[in-house]
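Subject: Structure handover and findings

Hello,

Please find the structure below, followed by notes on what was found in it.

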Amino acid sequence: MVKFTKIAGQEVPVSFGNATLIRFEEETGISILNLGTTPLNYKNTLVLIYEGIRDGYRKAQRNLDLDFDAVCDLLDEDPHAINRIIDIFTGSLPKEANSEKKMKVVPAKK
């Protein structure tokens, strides 16, 4: 799903689907299975944001004319955009339907 946010006055599409997560793994060597279990360093956070923007543009069928450094420059102009995009990422993660209840395992009948 594509979400939109403004960065320095520009409307920017963002997506954190499978393609984003695969590119993040390729760029950083960090498994997506570890996301959320340990904090990312600042560089890897920006890589995740860049890949989310890159995939957002792809899904919105728009050309991305910004490389990683240009996205970083854009974020310099709007430091609060980092938190907004991380909120989009966090909202895209699967949630347990009811984390308080544990699943009951019923043994198979023989």
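Helices (H or I, at least four residues) and strands (E, at least two) are taken as DSSP runs and numbered from the N terminus. This is a predicted model, in which local features need pLDDT of at least 70 and side-chain atom pairs count only at pLDDT 80 or more, while totals for chains, interfaces and linings use all residues. Residues are numbered from 1 along each chain as its sequence is written, and side-chain values use heavy atoms, with hydrogens and water left out.

Fold

The protein has 4 helices and 2 strands. Read from the N terminus, the order is β-β-α-α-α-α.

Strand S1 covers residues 3-7, and Lys3 is part of it. With a relative accessibility of 41%, Lys3 is classed as partly exposed; the classes are buried under 20% relative accessible area, exposed over 50% and partly exposed in between, with a 1.4 Å probe and protein chains only. Beyond its neighbours within four places in sequence, Lys3 has contacts (heavy atoms within 4.5 Å) with Val12, Pro13, Val14 and Ile88. Between Lys3 and Ala60 there are 57 residues of sequence separation, and their C-alpha atoms are 9.6 Å apart.

Ala8 sits in the loop between S1 and S2. Its phi is near 50°, a positive value in a residue that is not glycine. Ala8 is partly exposed, at 31% relative accessibility. Asp76 is 68 residues away from Ala8 along the chain, with 8.8 Å between the two C-alpha atoms. Asp76 belongs to helix H3 and is exposed, at 58% relative accessible area.

A positive phi also occurs at Gln61, about 55°, and this residue is not a glycine either. Gln61 lies in the loop between H2 and H3 and is exposed, with 76% relative accessibility.

Ring pairs

Rings of Phe, Tyr and Trp (its six-membered ring) are paired if their centres lie within 6.5 Å; planes under 30 degrees apart are called stacked, over 60 edge-to-face, and the rest tilted. The count under this rule is 2 aromatic pairs. One of them is Phe16 with Phe89: the ring centres are 5.1 Å apart and the planes are at 70°, so this pair is edge-to-face. Phe16 is in the loop between strand S2 (10-14) and helix H1 (18-28), and Phe89 is in helix H4 (residues 80-92), so the pair ties together parts that are 73 residues apart in sequence. Both Phe16 and Phe89 are buried.

Tyr50 and Phe68 also pair, with ring centres 5.8 Å apart and planes at 85°, so they too are edge-to-face. Tyr50 is in helix H2 (residues 42-59) and Phe68 in helix H3 (residues 68-77), so this pair ties together parts 18 residues apart in sequence. Tyr50 is buried at 12% relative accessible area, whereas Phe68 is partly exposed at 27%.

Glu51

Glu51 is likewise located in helix H2. Is Glu51 buried or exposed? At 2% relative accessibility, Glu51 is buried. Not counting residues up to four places away in sequence, Glu51 touches Ser15, Thr20, Arg23, Phe24 and Glu27.

Largest pocket

Grid points are joined across faces, edges and corners, and volume is the space filled by probe spheres set on the points.

The largest pocket has a volume of about 180 Å³. Its lining consists of Phe16, Leu21, Ile32, Leu35, Gly36, Phe89, Ser92, Leu93 and Pro94. By class, 7 of these are nonpolar, 2 polar and none charged; Ala, Val, Leu, Ile, Met, Phe, Trp, Tyr, Cys and Pro count as nonpolar, Asp, Glu, Lys and Arg as charged, and the others, Gly among them, as polar.

Totals

Of the 110 residues, 33% are buried. Of the contacts between residues at least 6 apart in sequence, 62% join residues at least 24 apart. The accessible surface is about 7,900 Å², with 52% of it on carbon and sulfur atoms; areas come from the Shrake-Rupley method with a 1.4 Å probe, and for residues only the protein chains shown count as cover.

Regards

Notes. 1 Å grid on protein atoms, 1.4 Å probe; cavity = no way out; pocket = protein on both sides within 12 Å on 5 of 7 lines; lining within 4 Å.
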